[in-house]
Amino acid sequence: MKKYLLFLFLLAMTRTFAGEIVVHEGESIHEALRQAREWRRTGDVRCKDGITIRIMAGRYYMNEPLFIRPEDSGTATSPTIIRGEEGAILCGDKPQRHVQLWPKEGMAHIIDFNAEDRTITIPTPEISGDGWAKAEMVVLQRWAIAILRVKEMRISGDRTEVTFLEPESRLEFEHPWPQPVIGGERGNSSFLIRTTEQRDGIEQLVIIEGTEDTPVKHVKIENLTFAETSWNRPLHKGHVTLQGGFPLIDAYKLKEKEGLPWDSGLENQAWVERPVSAVSVRHARHVDVTNCQFHDLGATALDYIDHVSDCDISGNRFEHIGGTAIMAGSFAESPREVHRPYTHLAGQCERITIRSNVINHATTEDWGAVGIGCGYVRDVTIEGNVVSDVNYSGICVGWGWTSADTGMRNNRIINNRVSNYACQLYDAGGIYTLSNQPKSEISGNEISAPYPAPYATNDRGFRIYLDAKTDGFTLHGNNTEGKSITRDMIGDNHPGPNLKFEK
């Protein structure tokens with residue numbers, strides 16, 4: 001009898017069942033994953049049909065990310081499943097709060113942008129005393145924003161010159177695009193000045209990462225909620241981006257003999273880093289995220305970085321995301337220079353399905369991020385998603401600004417609905433593409449007109465925008481407000497010769 005009671009006690013303590021580990025609020029998800037790993041390592045019979053870590057309702061504060069490693073891999077017949085019951089929330093720290101100082105609402109126009117003196121001149125704000133302490137300026141610059149920490153304000157009557165801290169001052173003034181526009185089609189670029197809560201918080205909740213030789217395989221994350229992460233980078237480095245939310249870490253204008261062998265018109269060099277994400281996947285195969293909720297996240301929500309294949313991102317809901325909701329593929333991050341036509345990166349992200357996700361109010365912190373952003377990818381299907389209320393583009397595929405063969409191909413953007421995009425920034429598209437992507441398709445999408453962005457400096461907002469040497473796509477059956485999207489509704493920028501427009 002004593003042995004029997006001891007057995008029941010141990011069973012209750014571990015809460016494990018055949019192939020299942022149950023975690024209740026107040027218990028450690030990390031310990032549950034370690035238990036599953038030990039079952040795998042020892043060949044426990046409970047692995048036979050797969051292991052499910054079942055997370056019961058409650059809030060699980062992730063003071064460090066949940067690391068899923070190659071040792072946690074399953075197989076096709078014995079996957080590792082992390083499944084949340086209704087109300088199961090993995091959370092970090094809430095995004096930092098901002099207090100807008102001036103103007104009190106909306107934005108005001110810049111008077112002058114001086115790259116040589118590294119100053120921005122603005123109308124003298126109505127702020128007195130030490131109101132400038134730890135202030136930052138958010139600058140709208142066509143297809144991106146910059147967040148610049150204020151160093152000094154030099155007031156001269158109704159004009160004020162502003163200088164900024166490093167490294168963002170160097171990056172903002174040395175790199176030619178994007179920069180604030182003075183005298184654009186709609187006038188000058190706009191800005192606001194604010195303070196931001198000066199604290200670092202938890203940014204990452206789950207990191208799934210293998211190695212090139214030993215990827216993580218056959219892991220499924222289902223029915224979980226990921227909520228409340230911070231975004232710390234602007235507090236320490238500011239935030240000057242190239243495009244799509246990718247911050248510059250080095251950049252400058254070519255001052256002598258512009259151009260490089262692969263692009264005679266290239267006028268700048270740039271190196272970027274990847275934005276932080278709440279959930280990231282790298283060196284992985286058959287890693288699926290389905291029917292999950294993502295909300296109130298400071299930067300990127302879900303990111304399939306590189307060396308990933310045969311993955312499914314389906315049925316998830318994303319709301320109030322500071323950066324991009326779903327990101328996939330390399331964007332030629334440092335140490336690579338971003339403008340080179342790389343030929344091997346697309347093969348590092350292939351056969352990804354992004355289907356039936358709902359994305360609402362992404363890009364709330366970084367207006368230049370997007371709803372769904374894919375870089376160098378191939379054989380990717382983006383189907384049946386609903387994207388709304390984003391400040392730049394809705395669905396973006398491609399990178400590199402090149403007509404060269406980079407390995408991008410067979411990408412399908414089909415049957416999606418995109419509305420209320422370009423809410424703040426133009427040079428945008430409901431669907432936006434870059435570079436040569438043979439045998440790719442844009443079809444059956446329902447795309448609204450771009451939002452009438454109040455501070456845009458030009459009118460380059462399009463339902464579909466084939467930017468920077470886009471080629472290889474067939475476009476057909478796309479609609480807007482009950483009518484077909486015709487060729488004259490599609491924006492382009494030096495497109496290639498192999499685009500097909502079918503009725």
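A nonpolar core is a set of buried Ala, Val, Leu, Ile, Met, Phe, Trp, Tyr and Cys residues joined through side-chain atoms within 4.5 Å. I kept this meaning in view while examining the structure, which is a predicted model.

**Entry 1. The core**

I looked up the largest nonpolar core and found that it has 142 residues. Ile120, Val206, Phe226, Phe294 and Tyr304 are the residues with the most contacts inside it. I then followed Ile120 to its partners, leaving aside residues up to four places away in sequence. Ile120 touches Ile110, Asp112, Phe113, Met137, Val139, Leu148, Thr160, Glu161, Val162, Phe164 and Phe173.

**Entry 2. The overall form**

I noted four helices and 43 strands in the secondary structure of the protein. The radius of gyration is 24 Å, close to the 23 Å given by the globule rule for 503 residues, so the protein is as compact as a globular protein of that length. Along the principal axes, I read a span of about 90 × 60 × 45 Å for the C-alpha trace. Of the 503 residues, 58% are buried. Among contacts with a separation of 6 or more, I found that 79% join residues 24 or more positions apart.

**Entry 3. Enclosed spaces**

I next asked how many cavities of 30 Å³ or more the protein has. The count comes to three.

The largest cavity has a volume of about 120 Å³. I found 15 residues in its lining, with Gly244, Phe331, Val370, Cys396 and Trp399 nearest the centre. Strand S31 (372–374) and strand S37 (428–443) are the elements that give two or more residues to this lining. By class, I recorded ten nonpolar, five polar and no charged residues there.

The second largest cavity holds about 100 Å³ of space. Its lining includes Pro95, His98, Glu136, Arg194, Trp231 and Glu365. Strand S15 (190–196) and helix H4 (233–237) each supply at least two lining residues. I recorded five nonpolar, four polar and three charged residues in the lining of this second largest cavity.

Of its 29 lining residues, Trp143, Asn268, Trp401, Ala468 and Asn493 are the closest to the centre. Which strand gives the largest share of this lining? I found strand S39 (residues 461–476), with four residues. The lining of the largest pocket divides into twelve nonpolar, ten polar and seven charged residues.

Conventions. Residues are numbered from 1 along each chain as its sequence is written. This is a predicted model: local features need pLDDT of at least 70, side-chain atom pairs count only at pLDDT 80 or more; totals for chains, interfaces and linings use all residues. Side-chain values use heavy atoms; hydrogens and water are left out. Buried means under 20% relative accessible area, exposed over 50%, partly exposed in between (1.4 Å probe, protein chains only). Contact means heavy atoms within 4.5 Å. On a 1 Å grid over the protein atoms alone, a cavity is a set of points where a 1.4 Å probe fits but cannot get out, and a pocket is an open set with protein on both sides within 12 Å along at least five of seven lines; lining residues have an atom within 4 Å of a point. Grid points are joined across faces, edges and corners, and a volume is the space filled by probe spheres set on the points. Ala, Val, Leu, Ile, Met, Phe, Trp, Tyr, Cys and Pro count as nonpolar, Asp, Glu, Lys and Arg as charged, and the others, Gly among them, as polar. The radius of gyration is taken over C-alpha atoms; the globule rule is 2.2 Å times the number of residues to the power 0.38.
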